[in-house]
Amino acid sequence: MNQEKLLTYQPVAGLLPRPSAGTPAKTIALPAPDMTTGLPLMGALWQRHSTREFGTEALSLHRLGELLWAANGINRAAAGGHTAPSAHGIHEIDVYAALPGGLYRYDPQQHCLLLKRDIDARGLTGYQDFVKEAALDLVYVVNHGRMTGMPRQQQDVFSGVAAGAIAQNVYLYCASSGLATVVRGWLNQRQLAEAMSLNEDEVPVLAQSVGFRAAGGAAQ
Ligand SMILES: Cc1cc2nc3c(=O)[nH]c(=O)nc-3n(C[C@H](O)[C@H](O)[C@H](O)COP(=O)(O)O)c2cc1C
């Protein structure tokens with residue numbers, strides 16, 4: 001992709017998000033993850049790969065709960081520790097879930113989804129056609145307001161690493177449970193931030209599509 005094309009490219013669904021399907025719940029309580037299922041770690045590593053062809057089948061609440069917990073849930077309640085590491089334990093990355101039924105922020109403490117906007121934002125999470133078809137697009141948003149003690153360059157490095165760790169958790173959960181996924185850096189940060197009603201100090205750094213593999217879809 002040359003510079004000229006990049007400048008003229010728009011997110012696949014146009015400039016406006018689609019209305020959400022139905023009336024979204026303000027809060028969605030997520031089921032606790034089942035720690036006894038899925039492939040063991042070595043098997044999941046063996047299976048991990050990116051997929052760019054998705055079916056339209058929705059994820060069950062059970063899978064959504066497990067996926068988000070694996071992404072960045074609380075795994076040490078007493079200390080408030082997360083499944084993904086973060087420099088100084090700041091946990092500057094918020095995980096958003098763009099679902100057909102609304103745009104939600106994952107609350108790791110309560111293990112629930114909180115409605116951010118009553119829109120289907122999937123089509124705005126990237127430039128590739130499949131983003132609007134995947135059952136779920138996660139968006140990793142760095143909250144620079146939590147990192148004010150660090151120089152900006154360090155904020156960018158540390159938050160990129162933290163988002164990458166979350167993305168790999170999602171890859172491993174997907175590999176372990178037979179779901180398809182691909183992490184994506186090719187997105188329009190400004191437009192997405194606006195669609196998501198983010199504050200000035202909140203920046204979407206990565207997105208990740210998740211869903212079932214398209215029937216007969218290639219394994220990549
Ligand atoms: C930071 C980062 C950004 C990426 N951005 C995109 C993207 O915008 N679109 C895409 O289709 N894949 C994207 N990928 C996925 C890579 O293309 C993919 O990991 C690579 O081709 C290796 O394939 P594998 O994941 O199956 O091993 C990205 C990966 C990383 C780590």
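β10 (180-184) and β11 (202-211) are paired in the antiparallel sense over five bridges, where helices (H or I, at least four residues) and strands (E, at least two) are DSSP runs numbered from the N terminus, and where two strands pair if DSSP finds at least two bridges between them. The structure is a predicted model, in which local features need pLDDT of at least 70, side-chain atom pairs count only at pLDDT 80 or more, and totals for chains, interfaces and linings use all residues. Residues are numbered from 1 along each chain as its sequence is written.

Within this pairing, Val182 stands opposite Ser209 in β11, and Thr181 stands opposite Val210 in β11. Four of the five residues of β10 are buried, which leaves the strand mostly covered; a residue is called buried if 20 or more other C-beta atoms lie within 10 Å of its own, exposed if 12 or fewer, and partly exposed in between, with C-beta atoms placed from the backbone. β11 is largely enclosed by the rest of the structure, because seven of its ten residues are buried.

β11 also pairs with β9, again in the antiparallel sense, over eight bridges. Here Val141 stands opposite Pro204 in β11, and Val142 stands opposite Val203 in β11. β9 is in turn joined to β5 by six bridges, and these two strands run antiparallel; Val95 stands opposite Tyr140 in β9. Like β10, β9 is mostly covered, with seven of its eight residues buried. In a regular strand the side chains alternate between the two faces of the sheet.

In soluble globular proteins, nonpolar side chains tend to be buried together. Leu138 shows how these elements meet: leaving aside residues up to four places away in sequence, Leu138 touches Ala71, Val95, Tyr96, Ala97, Val170, Ala207, Gln208 and Val210, a contact being a pair of residues whose C-beta atoms, placed from the backbone, lie within 7 Å.

The ligand is surrounded by His49, Ser50, Arg52, Gln128, Val182, Val183, Arg184, Gly185 and Trp186, on the criterion that the C-beta atom of a residue, placed from the backbone, lies within 6 Å of the molecule.

Several loop residues deserve a separate look. Gly178 is placed in the loop between α4 (152-177) and β10, and Gly178 is exposed because it has 12 other C-beta atoms within 10 Å. Gly178 and Leu68 are 110 residues apart in sequence and 15 Å apart in space, C-alpha to C-alpha. His88, in the loop between β4 (81-82) and β5, has a phi near 60 degrees, a positive value in a residue other than glycine; with 11 other C-beta atoms within 10 Å, His88 is exposed. His111 lies in the loop between β6 and β7 (112-117) and has a positive phi as well, near 50 degrees, but His111 is partly exposed, with 17 other C-beta atoms within 10 Å.

Over its whole length, the protein chain has five helices and eleven strands, and buried residues make up 38% of its 220 residues. A compact globule of 220 residues would have a radius of gyration near 17 Å, and the 17 Å of the protein chain agrees with this; the radius is taken over C-alpha atoms, and the globule rule is 2.2 Å times the number of residues to the power 0.38. Taken along the principal axes, the C-alpha atoms fill a box of roughly 50 × 50 × 35 Å. Among contacts with a separation of 6 or more, 76% are between residues 24 or more positions apart.

Technical notes:
Two residues are in contact if their C-beta atoms, placed from the backbone, lie within 7 Å.
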